[in-house]
Amino acid sequence: MFKIVKREEMSEGTVILNEIEAPLIARKAKPGQFVILKANETGERIPLTMAETDPEKGTITVIYMVVGKSTALFKTLMVGEGYQDIIGPLGKPTDVEKVGNVVCVGGGTGIAVLHPITRALKEIGNHVTSIIGARSKDLLILEDKMKAVSHELLITTDDGSYGRKGFVTDALKDVLDKGDTQLVVAIGPVPMMKFVSKLTQEYGVKTIVSLNPIMVDGTGMCGGCRVTVGDQTKFACVDGPEFDGHKVDYDELMLRLQAYCEHEQQCYNDFCMLNPQ
Amino acid sequence: MVEQETKKVKREKIPRQPMPEQEPELRAKNFEEVPFGYSPETAMKEAERCLQCKKPACIAGCPVEIDIPGFIRLIKEGEFTKSIRKLWERNSLPAICGRVCPQEIQCEGVCIVGKKGEPVAIGNLERFAADWERENGTGDLPPKAEPKGKKVAIVGSGPAGLTVAGDLIVKGYEITVFEAFHKPGGVLLYGIPEFRLPKEIVAQEINFLERLGVKVECNQVVGRTVSINELFEDGYDAVFIGVGAGLPILLNIPGKNLIGIYSANEYLTRSNLMKAYRFPEYDTPIIRGRNVVTLGAGNVAMDSARTALRLGAENSRIVYRRSRTEVPARDAEVHHAEEEGVEFFFLAAPTKFIGNDQGRVVGMECLKMELGEPDDSGRRRPVPMEGSEFELECDLVIVAVGAGANPLLTQSTEGLALNKWGYIQADPKTGKTTKKGVWAGGDIVTGSATVILAMGAGRIAANSIDDYLTWGW
């Protein structure tokens, strides 16, 4: 079992942080890589990109939003309990290079994934501006942590309950208008990454996105996570999860993420009926 | 003399004992094993058919050289416990081999009894001995050599790796098997369906190895969680790589990424390993098609098409670009599939998949083919017939046209020479790779083959590893 040593509900019980004992993975993991978690015998294999790793302590941290049966099941796991299986680190690490001015854009739980990448980009000597956004103030996570690893932090909420009212793309446009941005890293919901990429393409700024399609094994064996990048089919688990944002076919990705929506609904409803909260 | 003559006549009159099995209409709706196995009486009767040849062709026909007349004689004598021990001398996975080996081209294919009539049912007898031991046996383990104080790491817990583990543990080595999935068994677990190889049997064969002292570490992706070089740093004296082929081949035609188009790897892994056929009791979902098309006609295609029937398909069709003569699957598998209602479309190949506005597959366009000149594989090349387009309605497509070499481990290991297709170069006589202390065998060396050929490669490598750890590289 992989024991949970710290658990935090980050916003209204919908965004959960788990710090988990996984010394072999913590020893090897680099920013941008993911793990696959399986809660119990009958559980599904769920890929999550790591938000933090501590090789000395031998722990990894994941942050997830409760959206279906599997994450609802994860939510029931308390400190001292744990996951039956965790596999990793999987995928390619982020290419961390000194390029000059970098903008890191995060939305929702994507901010958790963005955080270690932002830190690495700053540590190597880039000037980092970060833009983080959420639907509303109570769903915004990791503001302080992002502030600590960025030279400048901009915040947007869809409803205007905190920071600038609007989308991350609105804030990004202003930054890009100043010119002299060499790289944008965007991690969040697929529509956010799509619109960020569309915008940066107009400005001709290289953009990296991190994708989280449906997966089974995470080692390139099944092809379930295939995405179209440029004119090629790539497996997000081994060729990614990060890709050139200007080349990803987001519409196909969004459709493929809906493959099991009926199954998910059925599963989630059954679970909620048995575990009322 | 007279007595011997009567015995011979009596033996010749015994027909090959059929294996009772579930009725096709019934079994096409459940995941329980198709054949029921022999009773002790039937097994003893079948064992009597063996001629006990002085120079047995069957042993030479077996990739792991089981003493076939030896274990069959013990069954005939009712010495079932001794019979399984005879099998274990050469094979640590008899319950599996008895079920999935292509005996018709190996031991049974060269059986002398088969020259005039039907060969001795060697596979059924092997299965009987293993099942009898599991259900009624003493649980006593075979003898083990004194500890040698040397450690061997095995990467991959499929048939090749398990064979190396079984062979070396009894020779006194310390063995650890590293498995990337959360459960051991490799293709035996994720690939071969329950109705052909119950997972309980795989678990018990692995449990047998664990009782012998083999350590199994799951969730270890060698190449990611730990590297081959780190295994040596951790004190392992030799490494065997048996990770399987593990890269799905998908068709590069329009619509290939529509929802409802699975690689056979994904479809079977969801159903077998993740138990999606028991959704929602198990959380992993699977698309249950009504009109299912499986592309390809190997054993994996048969497994896929038969799984689709069990998941409620009204039509389960196999589309294959060559003719019935070239079908690579075992006759027994094709026969079982046909009995259950799988339909075959020979000499046809898809040219594009058709989707709806939700990105789900609703059909495919195919072309009829005819056979031309032989190609590199010696089989006649399928040639498209112009203007022969036709459409097939389908809401689920399983692509079972083969597998390639998964680069995850091979690309992260220095000094391991690969061939032009990405498979590991290994000496066929020893299993040695170009990296010192590293052996490889099974599908990652040969490309997709069978369980028993992987086990044969495991046997060769185990002997070579033993030599190396005794005498040097």
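How many salt bridges does the rule find across the interface of chain A and chain B? The rule finds three, a salt bridge being a side-chain nitrogen of Lys or Arg within 4 Å of a carboxyl oxygen of Asp or Glu. The model is predicted, so local features need pLDDT of at least 70 and side-chain atom pairs count only at pLDDT 80 or more, while totals for chains, interfaces and linings use all residues. Residues are numbered from 1 along each chain as its sequence is written, chains are lettered from A and ligands numbered from 1 in the order in which they are written, and side-chain values use heavy atoms, with hydrogens and water left out.

**View 1. The two domains of chain A.** Domain 1 spans 2-90 and domain 2 spans 101-210; these bounds come from an automatic or database domain assignment. Their centres, taken over C-alpha atoms, lie 24 Å apart. Each domain brings 14 residues to the contact (heavy atoms within 4.5 Å). About 1,100 Å² is buried between them, 66% of it on carbon and sulfur atoms. Buried area is the accessible area (1.4 Å probe) that two parts lose on being put together, summed over both.

**View 2. Links between the domains.** Two salt bridges cross this domain interface. A:Arg119 pairs with A:Glu52 in a salt bridge, with the closest N and O atoms 2.9 Å apart. On the side of domain 1 of chain A that touches domain 2, β6(A) gives the most, with three residues. Strands (E, at least two residues) and helices (H or I, at least four) are DSSP runs, numbered from the N terminus.

**View 3. Chain A against chain B.** Chain A puts 45 residues into the contact and chain B 44. The buried area is about 3,700 Å², with 53% from carbon and sulfur atoms. In chain A, A:Met221, A:Arg226 and A:Tyr260 lose the most area to chain B, together 18% of what that side buries.

View 4. A:Lys28 and B:Glu230 join their side chains in a salt bridge (2.6 Å, N to O). β8(A) gives the most to the side of chain A that touches chain B, with six residues.
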